[in-house]
Amino acid sequence: MNKLVVLNHPLVDCHLTVLRNRNTSPAEFRQSVRRLSMLLAHSATAELSTTDLPIETPLQPMTGKKLLNRIGLVPILRAGIGMVEPMLDLIPTSEVWHLGLYRDEATAKPVSYYSKLPESSPVDVAFVLDPMLATGGSASMACQALIDWGVPSIKMLSIIAAPEGIAKFQNDFPQIEVHSCVVDERLNDDSYIVPGLGDAGDRIFNTL
Ligand code: PRP
Ligand code: URA
C-alpha cells in the first residue's frame, strides 16, 4: 500500500518557484520553506485522531476537539530544522526528536552523527521532516531509527523528492506515507535533485 501524496496547488507552485530561484536570499528561502511546510502539514496531518473536549463559548457550552495522540516531529539535521517551527505552530504539543544525518559526498550514503531517541515510550505518530528526498537514503535511515524505537505510525514529509528516492523509500517502507510538494525529474551524477534547488541546508543556513 505505497502511498505518495503530491500537493497539487497553485500556492505550492509559487512558493516552490521562490525556493528554486538561485537569486532567492536565505531569509526568503527560509520563509518559503516555512510556508510550504504549513501546506505539507495540512496534507500529512489529515488523519490525526481527536477526542472530545467540552468547553464553553461566550454563548453556550459545546463539545470541541483536542488531539488524542502523542506526536513527534523528527527533523533530519540540518535542513529539516527549517520545517520544525511551522509544524510546532500547528501542533504546539509536539515533541521534537532530532536526528543528525549527513550524506557522504563520495558515496551519497547517509552517515548518522546524532540521535538521542530513548529506548522506550515511543511517540504514537512521528512526522519525519526533511526538505529533500534525493536517493532516499537519509529518509530510510531516519524511519528505520523510528521503527526501532517502536513508533507505530510514521509519515515522511519532503518538499522536493526525486523519483529514484521515492522508489527506494517505498521499497524499504511500503507502509509509510510520503507527502511531498513535488516530484522532480531525476537525480544528476552527483545525486542532486534536478531541477531541484541546490543544497537545502546550505541555503537555509547561509553556508554556501
Ligand atoms: C541533504 C538533505 C537530506 C539529504 C537527502 O542533507 O537535507 O537530509 O541530503 O539526500 P538523500 O535522499 O540522498 O539521503 P545533507 O547531507 O546535505 O546535510 P545538511 O542538511 O546538513 O546540509
Ligand atoms: N540534498 C540537497 O540538499 N539537495 C539535493 O538536491 C540532494 C540532496
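These are my notebook entries on what I looked up in this predicted model.

**Confidence first.** The protein chain has a mean pLDDT of 97, and 99% of its residues reach 70 or more. For the complex, the predictor gives an ipTM of 0.98 and a pTM of 0.97.

**Around ligand 1.** How many residues surround ligand 1? I found 24, and the closest are Ala79, Ala134, Thr135, Ser138 and Gly201. Then I looked up where the shell comes from: β4 (71–77), β6 (99–103), β9 (132–133), α4 (137–149) and α6 (200–205) each give two or more residues. By type, the shell splits into 13 nonpolar, 7 polar and 4 charged residues.

**The β2 and β3 pair.** Next I went to β2, residues 50–56. Is this strand well covered or hardly covered? Hardly covered: of its 7 residues, the buried count is 0. Its partner is β3 (residues 61–67); the two run antiparallel and are joined by 7 bridges. A hairpin of 4 residues takes the chain from β2 to β3. I also noted one facing pair, with Leu53 opposite Gly64 of β3.

**The core.** The largest nonpolar one has 49 residues. Which residues have the most contacts inside it? They are Val74, Ala126, Phe127, Val128, Leu129 and Ala142. Leaving out residues up to four places away in sequence, Phe127 touches Ala44, Leu73, Val74, Met87, Lys155 and Leu157.

How values were computed: Residues are numbered from 1 along each chain as its sequence is written. Chains are lettered from A and ligands numbered from 1 in the order in which they are written. This is a predicted model: local features need pLDDT of at least 70, side-chain atom pairs count only at pLDDT 80 or more; totals for chains, interfaces and linings use all residues. A residue is near a molecule or strand if its C-beta atom, placed from the backbone, lies within 6 Å of it. Ala, Val, Leu, Ile, Met, Phe, Trp, Tyr, Cys and Pro count as nonpolar, Asp, Glu, Lys and Arg as charged, and the others, Gly among them, as polar. A residue is buried if 20 or more other C-beta atoms lie within 10 Å of its own, exposed if 12 or fewer, and partly exposed in between; C-beta atoms are placed from the backbone. Two strands pair if DSSP finds at least two bridges between them. A nonpolar core is a set of buried Ala, Val, Leu, Ile, Met, Phe, Trp, Tyr and Cys residues joined through C-beta atoms within 7 Å. Two residues are in contact if their C-beta atoms, placed from the backbone, lie within 7 Å. pLDDT is the predictor's confidence in each residue, from 0 to 100.
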